[in-house]
Amino acid sequence: MKDFVANDLRRLKEQKSVLANHIGACEQILGKNTKGGFEDYLQTEHSLLEGSGLKDNVNFIEALLFKQDNMLKTLKLICLLSLTQNWILPQTYKSLKTQYLQ
């Protein structure tokens, strides 16, 4: 019994602490993915790669810019838009650039 309390109980407490940290991190990640519209973001990526729904994709990017939620993800979408459309129209570029820099 003394051996259990001295060694095993300490190890179990450490494992419980590590598990609690892991679960907390998972909850944070899941919360950000569901809150940030992960499905909408993924759908926009797919439609950009398919070359469909250009206006809807630009509107989604502009909505992300307005929310200023995750600017790195937004920049990635702008780059993907540019690559899949063989550059962005000058007026669209100017609008997205202005909104991004605000």
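**Helical architecture and local contacts of the predicted chain**

Apart from residues up to four places away in sequence, S47 touches S52 and N57, where contact denotes heavy atoms within 4.5 Å. S47 is found in helix α2, and with a relative accessibility of 8% it counts as buried; here buried means under 20% relative accessible area, exposed means over 50%, and partly exposed covers the range in between, computed with a 1.4 Å probe on protein chains only. The model is a predicted one, in which local features require pLDDT of at least 70 and side-chain atom pairs are counted only at pLDDT 80 or more, whereas totals for chains, interfaces and linings draw on all residues. Residues are numbered from 1 along each chain as its sequence is written, and side-chain values rest on heavy atoms, with hydrogens and water left out.

The protein chain contains 5 helices and 0 strands, and its elements follow the order α-α-α-α-α from the N terminus on. These assignments are DSSP runs numbered from the N terminus, helices being H or I over at least four residues and strands being E over at least two. The radius of gyration of the protein chain is 22 Å, whereas a compact globule of 102 residues would have a value near 13 Å; the radius is taken over C-alpha atoms, and the globule rule is 2.2 Å times the number of residues to the power 0.38. Along the principal axes, the C-alpha atoms fill a box of roughly 75 × 30 × 20 Å. Of the 102 residues in the protein chain, 20% are buried, and the accessible surface comes to about 8,100 Å², with 59% of it belonging to carbon and sulfur atoms. Accessible areas were computed by the Shrake-Rupley method with a 1.4 Å probe, and for residues only the protein chains shown count as cover. Among contacts between residues at least 6 apart in sequence, 52% join residues that are at least 24 apart.

Helix α1 spans residues 2-35 and includes V5, which is partly exposed because its relative accessibility is 48%. Together with M1, F4 and L12, V5 makes a nonpolar surface patch of about 440 Å². Patches are built from residues with over 30% relative accessible area and no salt bridge, like charges being joined within 9 Å and nonpolar side chains (Val, Leu, Ile, Met, Phe, Trp, Tyr) within 5 Å.

Side chains of opposite charge can pair when their charged atoms come close. The count in this model is 1 salt bridge, defined as a side-chain nitrogen of Lys or Arg within 4 Å of a carboxyl oxygen of Asp or Glu. D8 forms a salt bridge with R11, and the closest N and O atoms are 3.3 Å apart. Because D8 and R11 lie 3 residues apart in helix α1, they are separated by about one helical turn. D8 is partly exposed at a relative accessible area of 25%, and R11 is likewise partly exposed at 45%.

The structure holds 0 disulfides, a disulfide being a pair of cysteine sulfur atoms within 2.5 Å. C26 counts as partly exposed at 32% relative accessibility, and C79 is partly exposed with a relative accessible area of 42%.

Helix α2, comprising residues 38-50, also holds Q43, which is exposed with a relative accessible area of 52%. Although Q43 and N57 are separated by 14 residues in sequence, their C-alpha atoms are 9.3 Å apart in space. T84 is placed in helix α4 and is partly exposed at a relative accessible area of 27%. With neighbours within four places in sequence left aside, T84 is in contact with L48 and L49, while the C-alpha atoms of T84 and K94, 10 residues apart along the chain, are separated by 18 Å.

The backbone of the following loop was also examined. Most residues other than glycine have a negative phi, and most peptide bonds are trans. N86, which is not a glycine, has a positive phi of about 55°, and the place of N86 is in the loop between α4 (71-84) and α5 (90-101). W87 lies in the loop between α4 and α5, and its phi, near 85°, is a positive value in a residue other than glycine. N86 is exposed with a relative accessible area of 64%, and W87 is exposed with a value of 68%.
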